[in-house]
Amino acid sequence: MMKRIKSLIVFVLLAVLSFGIYAQPMQQDTVALSESEAESEESFDPGSLIIGHVTDAHSWHLFDYFDKSGQEHAVAIPLPVILIHQGHLDVFLSSRFHHGHADYKGYRLIGGGVVREEIICVAADGQPLTTPTGETIKPIDLSITKVPAAIMINVALIIVLVMLALRGYKKRPNEAPHGIQSLVEMLVVFVRDSIVLPMIGEAHYQRYLPYLLTLFFFIFFSNCMGLIPFFPAGANVTGNIAVTATLAFITFFITNLSGNKHYWIDIFNTPGVPAWLKIFPLMPVIEVVGMFTKPIVLMIRLFANMTAGHIVILGFVVIIFIISNMLSITVGAGVSVVSVIFSVFISVLECLVAYIQAFVFTMLTALYIGMAVADPHHEK
């Protein structure tokens, strides 16, 4: 069974690569290889490189290369583009845009680098379509971009990981865990005994344990996959604010839908507060605002920490090229050694941060849920 699963994973990855990888010319002018390389070094933009890595895109960029004629080519995996405009559905691969150098079906891909990628509508002559007020017309974009594709891959790998652990339990029901089973069991027991049970309490924790385990595994696995610099990893999933906002507001809805009557009474009639604060609704306003600031804090904390980590790592890497362009190759080589050492150090530190952020997000979620379902301690 395990061999079949491994064979299936390898087959799917090879099929995706063989079907989806394409190479399109990035420059229209043909120049000598040395001149092209010099021009690319002069036009090297570290900001575009860094922001382009941490932001979303309509294709999964792998690497660039120069052919013998000096043309620069980008190798990327095209992703499905799904657009709705004037009630008409268009579905095609992002390779139709040729990395933003060609229009397709009246659409154009713009942005990239420090500017967010987006798709606009264009006329037959290539001019962008605008509204009477001068705003650019954009279709409804439901495309599967890099981040959603990475989420699907991460979820599939987590399912495979859990199924392999489950298979180990079925084969060895009364034996000590082994291999992948040991890793999964260690994390599950840790989340249950060190996070969920203390924060929610023995009376209610089992009801919320599946969600909190899913939350921890998804964040931790996505953080770790984002540190691996090659396909199918490398996507900055938890550094996308839409992803962290979704996780935070799921927590918000679960917390408030699970809140018992004492939870709501404590919000609008806070115990131990002077009566004049209750008559003048200062405390209820603060409590209601706190209901919404909690998920916002969760969202920003995870997003900011993971994005900052990626930017710092890439910052040390691009220092090599910046110094090499400014100074001699010898000095650049010396700087590269220091940059690589610092990059490795930050990468190791990011592995710890990947675990800490999953732990903190799960712990605070369990804390908020525990506060909502807790029995009152002020009956008198």
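Analyst: Cysteine 224 is partly exposed, at a relative accessible area of 29%. Here buried means under 20% relative accessible area, exposed over 50%, and partly exposed in between (1.4 Å probe, protein chains only). This is a predicted model: local features need pLDDT of at least 70, side-chain atom pairs count only at pLDDT 80 or more, and totals for chains, interfaces and linings use all residues. Residues are numbered from 1 along each chain as its sequence is written, and side-chain values use heavy atoms, with hydrogens and water left out.

What is the closest cysteine sulfur to that of cysteine 224? It belongs to cysteine 351, 6.4 Å away, which is too far for a bond. A disulfide is a pair of cysteine sulfur atoms within 2.5 Å. Searching the whole structure gives 0 disulfides. Cysteine 121 counts as buried because its relative accessibility is 1%.

Now the strands. Helices (H or I, at least four residues) and strands (E, at least two) are DSSP runs, numbered from the N terminus. Two strands pair if DSSP finds at least two bridges between them. Strand β2 (residues 59-66) pairs with strand β3 (residues 72-78) over 7 bridges, in the antiparallel sense. Tryptophan 60 has isoleucine 77 in β3 as its bridge partner. The hairpin of β2 and β3 has 5 residues between the strands, and glycine 70 there takes a positive phi near 95 degrees.

An open sheet is formed by 3 strands, in the order β5-β4-β8, with antiparallel pairing. Its edge strands, β5 (88-93) and β8 (140-141), each pair on one side only. Strand β4 (residues 80-85) meets β8 over 2 antiparallel bridges. Isoleucine 84 stands opposite isoleucine 140 in β8.
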